Amino acid sequence: MLLLCYLREELGSCSFHSPLYKVLAPLGLRPSCCNLNTSQTCCCLLRNFMFLAQRSLCNLGSKVLRTVSASKILGLSTSTEMSSKFKNAKRIEGLDSNVWVEFTQLAADPTVVNLGQGLPDISPPEYVKEKLSKIAAVDSMNQYTRGFGHLSLVKALSCLYGKFYQKQINPTEEIVVTVGAYGSLFNAIQGFIEEGDEVIVMVPFYDCYGPMVSMAGGTPVFVPLRSKPVDGKRWCSSDWTLDPQELASKFNSKTKAIILNTPHNPLGKVFTREELQVIADLCIKHDTLCISDEVYEWIVYTGKKHFKIATFPGMWERTITIGSAGKTFSVTGWKLGWSIGPKHLIKHLQTVNQNSIFACATPLQEALAQALWVDIKRMDEPECYFNSLPKELEGKRDRMVRLLDSAGLRPIVPDGGYFIIADVSLLDADLSDMKDSSEPYDYKFVKWMTKNKKLSAIPVSAFCNAEVKSQFEKFVRFCFIKKDTTLDAAEEIIKAWSSQKS
């Protein structure tokens, strides 16, 4: 193919002084540019070249043939030399596997009930969709907007969060909008973490935390959430806690940041004020940055309350708080996220943003801004989506708890978010037909369940570092932000499963 491209380029000038003509003329290959077009001439030359090469080999007999490759004649690099240039950068070494790629593909079978990926199939609020539909028809809204966030959106976010921080948030200097919470995490980690830095990550953790830290040159330092004894009572996400002394032991002079996730994915844990105070005290003592992933901030269930660590004394100046449009309005496909913090932190995220994605989609940002104003004006009313969504999901959560109980799976009831994890060890499923015996148990179990029961989930060991994977490999995660018809289908599968066991 390279030879053909080279021939086309050389023949384009039809020059008798070209390097190609000088190489081929002694072989009796003189292209006639008058009678053939360039493509025809290339093909003709290649056929003649191969014929002469074959004839020469036959005539040589026992003579020693010194081979000269076409790449040498034409001055091209060999394939071996080229492939060395295409080797991946060390910063992404070992980061190529991804649980979402693998298990989303498995769940793509239309006969499978997908409770795996956090993909809502409930309808977003009608007014949110209507805003986007109308805005897309406005010509000016289909062009670039401000790189750090559409002005009307950052103003809406400033108004919304100013109520919680009890301070005026500067919309242009203390907020940056990017491609989802993923983008916000990327900006924060790229903006602050470098080689030699350590970042404390709680286990289990959302799967991109560790790779993003490693890709920036930092070292993730893991600290596990451990379950307290439940003594026969209902197992809840609040039973999973950090050991304050163990957490404190992870801080040292190399500690640059800690990543906090509340409400937590996958456990659904909502950190208490007391737990957050322990983290805040350690951050202040060790002069550490706090990256607080709070994308499920509105989805908190009865009896629990979400606290923002940035509002604690001494924490605003060292905290980057991350939010998500996808989780706020059930529009994950919009991929809009934001980071809020003091100017001296946010400016570095803006630098990363302007040199990577630069700007997000204008119509999506304008539609989000207008949708936020709808609910900002009625935040104390039941109709506000921030209030109605958790109420709707609490019923779905309780339904999933009953279903999983009936199948012999031991669920951990979440206090927030829209995931529920369950211990599947009591099922004693026969996984002998699962080919890869080296995989953790939960990987094999989910693949078996998807194939044989047509129900998908996500293995929880995907959210763990290598040292503790074995402690979590009997857990799987289910998503319940689903339509009733989807949960009905899951219920049918689980009931049939239960009857087969009995």
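How many helices and strands are there in the protein? The protein has 19 helices and 15 strands, and the model is a predicted one. Of its 502 residues, 52% count as buried. Among the contacts with a separation of 6 or more, residues 24 or more positions apart account for 71%.

**Figure 1. The aromatic pair of F205 and F222.** A search of the whole structure finds 22 aromatic pairs. In the pair formed by F205 and F222, the ring centres are 5.3 Å apart and the planes lie at 20 degrees, under the limit of 30 degrees, so the pair is stacked. F205 lies in the loop between β3 (198-203) and α10 (209-215), while F222 belongs to strand β4 (residues 219-224), so the pair ties together parts that are 17 residues apart in sequence. F205 has a relative accessibility of 5% and therefore counts as buried.

**Figure 2. The aromatic pair of F472 and F475.** The ring centres of F472 and F475 are 6.2 Å apart, and their planes are at 50 degrees, so this pair is tilted. Both F472 and F475 are buried.

**Figure 3. An aromatic cluster and two charges over rings.** One aromatic cluster is formed by Y127, F164, W298, F329, Y385 and F386. The other two views show a charge and a ring. The charged end of K474 sits over the ring of Y441, at 4.9 Å from the ring centre. For R477, the charged end sits over the ring of F419, 3.5 Å from its centre.

**Figure 4. The second largest cavity.** The count comes to 4 cavities of 30 Å³ or more. In the second largest cavity there is about 40 Å³ of space. Which residues line the second largest cavity? Its lining is made up of F103, T104, A107, N114, G116, Q117, S456, A457 and I458. By class, 4 of the lining residues are nonpolar, 5 are polar and none is charged.

Figure 5. Q354 lies in helix α14 (residues 343-354). With a relative accessible area of 39%, Q354 is partly exposed. K163 lies in helix α8 (residues 151-165) and counts as partly exposed, at 47% relative accessibility. Leaving aside neighbours within four places in sequence, K163 is in contact with I376 and M379.

Figure 6. Most residues other than glycine have a negative phi, and most peptide bonds are trans. P263 is placed in the loop between β7 (255-261) and α12 (273-285), and P266 is found in the loop between β7 and α12.

**Figure 7. Positive phi at D287 and F358.** D287 is not a glycine, yet its phi is positive, at about 50 degrees. D287 is located in the loop between α12 and β8 (289-293). Is D287 buried or exposed? With a relative accessible area of 60%, D287 is exposed. F358, also a residue other than glycine, has a positive phi near 70 degrees. F358 lies in the loop between α14 and α15 (362-376) and is partly exposed, with a relative accessible area of 43%.

Note on methods: Residues numbered from 1 in each chain as written. Predicted model: local features only at pLDDT ≥ 70, side-chain atom pairs only at ≥ 80, totals over all residues. Heavy atoms only, no water. 1 Å grid on protein atoms, 1.4 Å probe; cavity = no way out; pocket = protein on both sides within 12 Å on 5 of 7 lines; lining within 4 Å. Points joined across faces, edges and corners; volume = space filled by probe spheres on them. Nonpolar A, V, L, I, M, F, W, Y, C, P; charged D, E, K, R; others polar. Phe/Tyr/Trp six-rings, centres within 6.5 Å; stacked < 30°, edge-to-face > 60°. Helix = DSSP H or I, 4+ residues; strand = E, 2+ residues; numbered from the N terminus. Buried < 20%, exposed > 50% of the residue type's maximum accessible area, 1.4 Å probe, protein only. Lys NZ or Arg CZ within 6 Å of the ring centre and 35° of its normal. Contact = heavy atoms within 4.5 Å.
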